[in-house]
Amino acid sequence: MEVQTTVDSIAISAAVVALVQMIKWAGMPDKYGAIAVLALSLVGVALWGYSQSLMFQGPMIWQYFTGWINVALAAAGIFGFTRAGVESVSRMTPPPGGSAGSSATHE
């Protein structure tokens, strides 16, 4: 049973990675990549569960969650999450005046 779960996880990941790649080639901007990856990973895992007649059975909830995370991580590289993360941090601006942490600390 464990080997089959691993094989299924690899098959789901491969399908979702391919789908995400096709969507990226179609022109989806990187800024929507995180949402696309999470949503398509959820759809892929849900379709697998439906095809196995295991949809939302209590004991399978943890397997669904870990499967979703594994598939999302496999597909995340397509949108270059590490590169996109650095870019979003470098665009951050300082907080507006008067907010917590904007004043110097005096001893």
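First, the conventions. Residues are numbered from 1 along each chain as its sequence is written, side-chain values use heavy atoms, and hydrogens and water are left out. The model is predicted, and local features need pLDDT of at least 70, side-chain atom pairs count only at pLDDT 80 or more, and totals for chains, interfaces and linings use all residues.

Now the layout. The chain has four helices and zero strands. In order from the N terminus, the elements read α-α-α-α. Helices here are DSSP runs of H or I with at least four residues, strands are runs of E with at least two, and both are numbered from the N terminus.

How much of the chain is buried? Of its 107 residues, 22% are buried. Buried means under 20% relative accessible area, exposed means over 50%, and partly exposed is in between, with a 1.4 Å probe and protein chains only. The chain exposes about 7,700 Å², and carbon and sulfur atoms supply 69% of that area. Areas come from the Shrake-Rupley method with a 1.4 Å probe, and for residues only the protein chains shown count as cover.

On contacts, meaning heavy atoms within 4.5 Å, I take those between residues at least 6 apart in sequence: 70% of them join residues at least 24 apart.

In soluble globular proteins, nonpolar side chains tend to be buried together. The largest nonpolar core here has twelve residues, among them Ile12, Val45, Trp48, Tyr64 and Val71. Helix 1 (2-25), helix 2 (33-51) and helix 3 each supply at least two residues of this core. By a nonpolar core I mean buried Ala, Val, Leu, Ile, Met, Phe, Trp, Tyr and Cys residues joined through side-chain atoms within 4.5 Å.

Take Ile12 as an example, in helix 1. Ile12 counts as buried because its relative accessible area is 13%. Which residues does Ile12 contact, leaving aside neighbours within four places in sequence? They are Gly44, Val45, Trp48 and Val71. Ile12 and Trp68 are 56 residues apart in sequence, and their C-alpha atoms are 9.4 Å apart.

Leu19 also sits in helix 1. With a relative accessible area of 35%, Leu19 is partly exposed. From Leu19 to Leu40 the separation is 21 residues in sequence and 8.1 Å in space, C-alpha to C-alpha.

Now the aromatics. A pair of aromatic rings is described by the distance of the centres and the angle of the planes. Rings of Phe, Tyr and Trp (its six-membered ring) pair if their centres lie within 6.5 Å; planes under 30 degrees apart are stacked, over 60 edge-to-face, and the rest tilted. The whole structure holds three aromatic pairs. One of them is Trp62 with Phe65, tilted, at 5.5 Å centre to centre and 40 degrees between the planes. Both residues lie in helix 3, three residues apart, about one turn of the helix; helix 3 covers residues 61-76.

Trp62 is exposed because its relative accessibility is 59%. Phe65, at 40%, is partly exposed. Phe65 and Trp68 form another tilted pair, with 6.3 Å between centres and 50 degrees between planes. Trp68 has 23% relative accessibility, so Trp68 counts as partly exposed. Trp62, Phe65 and Trp68 make up one aromatic cluster.

Last, the surface. Which residues form a nonpolar patch there? They are Trp62, Phe65, Ile69 and Leu73, with about 450 Å² of accessible area together. Patch residues have over 30% relative accessible area and no salt bridge; like charges are joined within 9 Å, and nonpolar side chains (Val, Leu, Ile, Met, Phe, Trp, Tyr) within 5 Å. A salt bridge is a side-chain nitrogen of Lys or Arg within 4 Å of a carboxyl oxygen of Asp or Glu.
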